[in-house]
Amino acid sequence: MPPIPGSGLAKGLAVTLRTMTRKTVTEQYPEAQPELPPRTRGVIGLFEENCTVCMLCARECPDWCIYIDSHKETVPPAVEGGRERSHNVLDRFAIDFSLCMYCGICIEVCPFDALFWSPEFEYAETDIRELTHERDKLREWMWTVPSPPALDPAAEDPKELAAARKTADKLAAAQEAAAQEPPAAGSKATPDAPGNDPGKDPGEEPTA
């Protein structure tokens, strides 16, 4: 059956008429900021106090978009006669977001919780060379990282917390058992015999 002439136009007008009476849902960006999901992958924030310059994030990055520079400093011994130690000092931590594919591997492999996802997404630049952001900018984004969600009440405790609680329970049980244990033989004073005065000589006869 051939289509009725003008049926396509009628369908299009019907869609227009249906949507004309509905309330608009368009978000007026940038006047109104969008409500992003809590796990939005916007940019990566750096908490440099936790960074030990282990280079694990840079080595595991599949795009090689993380640049880290550091130097070693010698720390004097904490006590007299101790041995001097050296530690790494972070000089540069930069991420090229023109190469980053937001896989999150660097955040997952960081053993010291120095990298976090931030929902910040307004970092567009007019020059692609300016998409390499240094640690100062990454530190600013760190303060936009949302708080972690509350734990599920029915979830299992973390291994560290479970081990600490088990150790504390064992210590409390040992202290309770020690408190309830009777004293050793000979440590308790023997009660005096009836009629005996502890202040008199055992060979002295009692007076009437």
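**Local features of a predicted model**

Leaving aside residues up to four places away in sequence, aspartate 96 touches Cys65, Tyr67, Leu131 and Thr132, where contact means heavy atoms within 4.5 Å. This is a predicted model, in which local features need pLDDT of at least 70, side-chain atom pairs count only at pLDDT 80 or more, and totals for chains, interfaces and linings use all residues. Residues are numbered from 1 along each chain as its sequence is written, and side-chain values use heavy atoms, with hydrogens and water left out.

Q: Why is valine 53 called buried?
A: Its relative accessible area is 6%. Buried means under 20%, exposed over 50% and partly exposed in between (1.4 Å probe, protein chains only), so valine 53 counts as buried.

Q: What makes tyrosine 102 partly exposed?
A: Tyrosine 102 has a relative accessible area of 24%, and therefore falls in the partly exposed class.

Q: Where does aspartate 96 lie?
A: Aspartate 96 is in strand β3; strands (E, at least two residues) and helices (H or I, at least four) are DSSP runs, numbered from the N terminus.

Q: What is the phi of valine 53, and where does the residue lie?
A: Phi is positive, about 55°, although valine 53 is not a glycine. Valine 53 lies in the loop between β1 and α2 (56-60).
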